[in-house]
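Thanks for making time this morning.

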Amino acid sequence: MLQFLLDILSTPAILVGLVAMVGLIALQKPASEIIKGTIKTIMGFLVLGGGADIVVGALNQFGIMFQEGFGIAGIVPNNEAIVAQALQEYGTQTALIMAFGMVANIIIARFTPLKYIFLTGHHTLYMACMIAAILVAGGVEGVALVVSGSIILGFVMVLSPALVQPTMRKITGSDEIGFGHFSALGYWLSAQVGKVVGKGSKSTEEMNFPKWLLFMRDTSVAISLTMGILYLVVAVAAGPEFVQSQLSGGQNFIIFSLLKAITFAGGVFVILSGVRLILGEIVPAFKGIATKIVPNAKPALDCPVVFPYAPNAVIIGFLSSFVGGILGMVILIALDAPVILPGVVPHFFTGATAGVFGNATGGRRGAVLGSIANGLLITFLPVLLMPVLGNLGFANTTFSDADFGIVGIILGNILRLFN
């Protein structure tokens, strides 16, 4: 039963589908509308997840070529990899903290001004897992571990969306949805940088192209061409022989690189389609929960929810964050510290989102410089996080997003202080 509960709570499509169903039932909608709304919400998340899988698959190949081409060894932050290792040892504690943490989220939203219901199930799982690992490393166990871990998780699930909601209102033009992705500190930083540097800077969506470049207004085409150049550069750095023998199955390295770039752009297109489908169903359905259970509650949704509002900022943010990651890596090498390699997947999702947030407050300059700041942040925080992770600190990967870093560092050092 515990495993079944964990499977439900860690599957975003099912979790959000159940939320939509409860909301529609609370609104006393006919059975036909309840079924339709639930299925379309689940479908939207599956479409979004399918697009994310396409993007991740293309970026993994990019990362392999990057490491081979530039010959740098180090730690690659990746939430999925570190959680897969941690669940082998902390699976039961993680499941209990996750389940009761979601209950704590609803209670906190009900009785405080922080009216956010965090709906990004996989990030809830990752945060529960990290909290469990740090509490165990700090000597907390049994009921105390579950209770304290659940309360911490519940508060993080409302504080993270609250931090970025002012900028979310600027991005979406309304206050109907919240933001549920545990890298809010990086997005808040990007928005603050945008405020400082972006006075008079035009939005990334107001780029003026010469007539012969009007096709670049199509986001999919622009992403394909931009990524095509990047893939060719790292493929040349890795060497045609390596690409054709290890990655492409003998296919010419130029053709392979261009196809991967267009595949990446196709994945982004699928993500945007999934987001539009989810928003069309979850926002009306969520009003049922808001009116019946948690008045004025907002659904806090995963980071791609902001991508359709500034598609140009998405690719600008990704590239700028990756540059920030490379700068951070160079600084760590100079300091003789553990080297954090710029993981392409976290830099895409957090960097693209930071670009949208930076653009909302500071236009193009905000998108570029805010995303570079995000890239630096998610490079340095993992170095400070590793010492508090207990046995997981010796793994060759770690948590990648900013909120994991700041929550883990604070929690780990509080436990050390008491010990």
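This is a predicted model: local features need pLDDT of at least 70, side-chain atom pairs count only at pLDDT 80 or more; totals for chains, interfaces and linings use all residues.

Cys129 is buried, at a relative accessible area of 0%, where buried means under 20% relative accessible area, exposed over 50% and partly exposed in between, with a 1.4 Å probe and protein chains only. Cys303 is likewise buried, with a relative accessible area of 2%. Residues are numbered from 1 along each chain as its sequence is written, and side-chain values use heavy atoms, with hydrogens and water left out.

Searching the whole structure for disulfides, meaning pairs of cysteine sulfur atoms within 2.5 Å, gives zero. For Cys129, the nearest cysteine sulfur is that of Cys303, 20 Å away, and Cys129 is in no disulfide.

Now to the rings. Rings of Phe, Tyr and Trp (its six-membered ring) pair if their centres lie within 6.5 Å, and planes under 30 degrees apart count as stacked, over 60 as edge-to-face and the rest as tilted; by this rule there are 16 aromatic pairs. One of them joins Phe318 and Phe322, a tilted pair at 6.4 Å centre to centre with 55° between the planes. These two residues are four apart in helix H11 (residues 311-334), and are therefore separated by about one helical turn; helices here are DSSP runs of H or I, at least four residues long, numbered from the N terminus. Phe318 and Phe322 are both buried. Phe348 and Phe349, by contrast, have ring centres 4.9 Å apart and planes at 75°, so that pair is edge-to-face, and both of these residues are buried.

What lies closest to the centre of the largest pocket? A pocket, on a 1 Å grid over the protein atoms alone, is an open set of points where a 1.4 Å probe fits, with protein on both sides within 12 Å along at least five of seven lines, and lining residues have an atom within 4 Å of a point. Of its 27 lining residues, the closest to the centre are Ala52, Glu80, His122, Asp302 and Phe349. Helix H3 gives the most to this lining, with nine residues.
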